[in-house]
Amino acid sequence: MDGGGPEPLSRWVMRWVTRASVMACVLSLLIHVLLGMIGYAVHVRLGGGGGGGGPGGPVEVATISQTDLQAIEASEMASLAPGVEDRQAVDVETHVQIELPGGSGMTDVGDLGDIGDGFGGAGTGTGIGIGTGAGGAGAGTAKFFDVVSRGERFAYIVDNSGSMGGDKLAALKKELASSIDALPETAQFVVIAFNTTSEIVGKRERWIEASPKNKSEMIKDVMNIEAFGGTEPAPGFGLVFGKFRPRPDSVYFLTDGQFNPEDADRIIMMCRTAGRVPVQAITFVSREGETLLRKIGRDTGGSYTHVAGPVR
């Protein structure tokens, strides 16, 4: 009979085992859920799977090579250069006849040909000039021996070595005076005379505003230039790029002689380092330096010109 007797041991054991199994399953399930949540949290924290770039994700670091960095810097410098147009060197043959003191000045007797794209008209100006209509260069331009260049800051680096004496120096002074006198008042300029050494004409180590007063004073200083010494142009470029800020928009470089080829390489490097400053290179009377000046004009994006005068 089952009425009031004690529960058999086997049934009690079976009931306990059943309850323990259920509890174990529930506990196991809870543990797995907890571990899953912990694992997911760690996974998201470390940026894996579908974390979607949360604030705790890994940071990617971009790298750039030295070559790329230099290219970017060069591009930025070029973009800051005002009004200078990159172009190939242009060869221009200019013949100039100089009448000596007592004559009527300079007369262009040759065909200048095509000086390059976008130079614009020469104007009529009131400067000393070379022939009819050559006095003025127009806003944002300069003209020297009929070579026109664009910009606001112009450096004249001219040869006053011993071989430039006499008629050649007289012609150079007149043309410098004409070019300076025709500069627009918005322009700035400097004149460097070089021989064995280099000198800032007028002694002012800064850009000169092209006001009527400043131009008049500089023309007087130009007329006092004397010829002596050898031909070493690189230090003259060193003065311009070392002392004058901002850098020039264009450089006129004139010489009647040959010089050290290493100077040509130094000049090109200085112009490139400053942001590709174009050099309008001019051989004067003698073609001794033609090869080097052609190279300088070409490699700086400027021009090369030969001026054949002065002649009687």
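In this tour, Ala, Val, Leu, Ile, Met, Phe, Trp, Tyr, Cys and Pro count as nonpolar, Asp, Glu, Lys and Arg as charged, and the others, Gly among them, as polar. The model on the screen is a predicted one.

**First stop: the largest pocket**

Select N160, A193, E199, I200, V201, G202, K203, D221, N224, I225, E226 and F228, which line the largest pocket. Colour this lining by residue class, and it divides into five nonpolar, three polar and four charged residues. The volume of the pocket is about 150 Å³.

**Second stop: the largest nonpolar core**

Next, select F144, Y156, L172, F189 and L254. Among the 31 residues of the largest nonpolar core, these five touch the most other members. Now display the secondary structure: β4 (141-144), β6 (153-159), α3 (167-181), β7 (188-194), α4 (212-222), β10 (250-255) and β11 (279-284) each contribute at least two residues to this core. Which of these elements gives the most? It is α3, with six residues.

Centre the view on L172. Apart from its neighbours within four places in sequence, L172 is in contact with F144, F145, V158, D159, M164 and L254. A second, separate core can then be displayed; it has 28 residues, including F241, F253, F259 and A281.

**Third stop: the aromatic rings**

A pair of aromatic rings is described by the distance of the centres and the angle of the planes. The model holds nine aromatic pairs. Select F144 and F145: their ring centres are 5.0 Å apart and their planes stand at 55 degrees, so this pair is tilted. Are these two residues buried or exposed? F144 counts as buried, because its relative accessibility is 0%, and F145 is likewise buried, with a relative accessible area of 0%.

F145 and F284 form a tilted aromatic pair, with 5.3 Å from centre to centre and 40 degrees between the planes. F145 lies in the loop between β4 and β5 (147-150), whereas F284 belongs to strand β11, so the pair ties together parts that are 139 residues apart in sequence. Both F145 and F284 are buried.

**Last stop: R266**

Finally, select R266, which is found in helix α6 (residues 261-273). R266 is partly exposed, because its relative accessible area of 46% falls between the limits of 20% and 50%. Then select F237 as well: the C-alpha atoms of R266 and F237 are separated by 9.0 Å, although the two residues are 29 residues apart along the chain.

How values were computed: Residues are numbered from 1 along each chain as its sequence is written. This is a predicted model: local features need pLDDT of at least 70, side-chain atom pairs count only at pLDDT 80 or more; totals for chains, interfaces and linings use all residues. Side-chain values use heavy atoms; hydrogens and water are left out. A nonpolar core is a set of buried Ala, Val, Leu, Ile, Met, Phe, Trp, Tyr and Cys residues joined through side-chain atoms within 4.5 Å. Buried means under 20% relative accessible area, exposed over 50%, partly exposed in between (1.4 Å probe, protein chains only). Helices (H or I, at least four residues) and strands (E, at least two) are DSSP runs, numbered from the N terminus. Contact means heavy atoms within 4.5 Å. On a 1 Å grid over the protein atoms alone, a cavity is a set of points where a 1.4 Å probe fits but cannot get out, and a pocket is an open set with protein on both sides within 12 Å along at least five of seven lines; lining residues have an atom within 4 Å of a point. Grid points are joined across faces, edges and corners, and a volume is the space filled by probe spheres set on the points. Rings of Phe, Tyr and Trp (its six-membered ring) pair if their centres lie within 6.5 Å; planes under 30 degrees apart count as stacked, over 60 as edge-to-face and the rest as tilted.
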